Amino acid sequence: MEIEGLIRELREGDDAAKTAALRRMCTLAYRFDNSGHLIADLIAEAGGIPPIVQLLRDGTAEAKAQAAVALGWLAYSYDNRDLIAAAGGILPLVELLRNGSAMGPAKFHATRALHNLACNNAANRVLIAAAGGIPPLVELLRDGNPEAKRQAANTLRNVVAANNANAVAVAVAVGLEALVQLVRRGRVTVEKRSVVLFAGVPAKRKAALIVAALLRDCVPDSVPRELKALIGPYL
């Protein structure tokens, strides 16, 4: 009954009531009820995910941050990861990550939610990249506070797991040196934090082509045209 009341507050309450309901859901989500059911799953079954995503899109700044916290807790449940994605939760999480303060809590909460959504979920990794989530994660890894940097690195590792395209996208977002790292070792490290660990051969090949394209114009004009055409693809 409490869950149904909280969901009703999310839909019908004023701003303060909605934020309070989100906070209460966060304290309940990781617990189990008397029958041994994870309350995060019960919230989802009662239809709680769509109104949380709606608040993430249209709520106050405080409600958006709290909605990101709630989705992070709900996404600990494997089944809820697909439900959150189906409700359109990934794009507003990326927008919160992109627009929040680097030193504020909203970006951290959005990053944590994306981390959980990408865990053991190949489809969500693709959706996070398609929503433009990789560049702001790299930016947070560079400019956030220490805890945010740690969470960004963990999230990027989840996003690139078994996904060669995302591994290359991370390297592109970091820069030329990262692309070279990817070609040589199948890894990318930023500020001593490993964010790509075991990229496959397709990622290495694509990164090599990008490096070649970036450096091709650096071949001196004095090099004969035939030789330049020959060595260009291998730079």
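User: How does the end-to-end span of α11 compare with 1.5 Å a residue?
Analyst: It agrees: the 15 residues of α11 should span 21 Å, and its end C-alpha atoms are 21 Å apart. The expected span is 1.5 Å times one less than the number of residues. Helices here are DSSP runs of H or I with at least four residues, strands are runs of E with at least two, and both are numbered from the N terminus.

User: Before we go on, what kind of model is this?
Analyst: This is a predicted model: local features need pLDDT of at least 70, side-chain atom pairs count only at pLDDT 80 or more, and totals for chains, interfaces and linings use all residues. Residues are numbered from 1 along each chain as its sequence is written, and side-chain values use heavy atoms, with hydrogens and water left out.

User: Back to α11. How many of its residues are buried?
Analyst: 11 of the 15, so α11 is largely enclosed by the rest of the structure. Buried means under 20% relative accessible area, exposed means over 50%, and partly exposed is in between (1.4 Å probe, protein chains only). Among the buried ones are Lys-149, Asn-154, Leu-156 and Val-160.

User: What do they pack against?
Analyst: α8, α9 (122-130), α10 (134-143), α12 (164-174) and β2. Contact means heavy atoms within 4.5 Å.

User: And what follows α11?
Analyst: Ala-162, with a positive phi near 55°.

User: Which residue does Lys-149 pair with in a salt bridge?
Analyst: Glu-191, at 3.2 Å from N to O. Lys-149 lies in helix α11 (residues 146-160) and Glu-191 in the loop between β1 (188-190) and β2 (193-196), so the pair ties together parts 42 residues apart in sequence. Lys-149 is buried at 16% relative accessible area. Glu-191 is partly exposed at 41%.

User: How many salt bridges does the whole structure have?
Analyst: 4. The test is a side-chain nitrogen of Lys or Arg within 4 Å of a carboxyl oxygen of Asp or Glu.

User: What does Arg-24 bridge to?
Analyst: Glu-2, with the closest N and O atoms 2.6 Å apart. Arg-24 is in helix α2 (residues 15-29) and Glu-2 in helix α1 (residues 2-12), so this pair joins parts 22 residues apart in sequence.

User: And Arg-23?
Analyst: Arg-23 meets Glu-62 in a salt bridge, 2.4 Å from N to O. That pair links distant parts of the chain, α2 and α5, 39 residues apart. Arg-23 is partly exposed at 39% relative accessibility, and Glu-62 is partly exposed at 45%.

User: Is α5 mostly covered or mostly open?
Analyst: Mostly covered, with 10 of its 14 residues buried. What covers them includes α2, α4 (49-58) and α7 (90-99).

User: New topic. Which residues touch the most others in the largest nonpolar core?
Analyst: Ile-52, Leu-74, Leu-93, Val-170, Val-188, Val-195 and Val-196, out of 69 residues. Helix α5 (residues 61-74) supplies the largest share, 7 residues. Such a core is a set of buried Ala, Val, Leu, Ile, Met, Phe, Trp, Tyr and Cys residues joined through side-chain atoms within 4.5 Å.

User: What does Val-188 touch?
Analyst: Leaving out residues up to four places away in sequence, its contacts include Ala-171, Leu-182 and Val-196.
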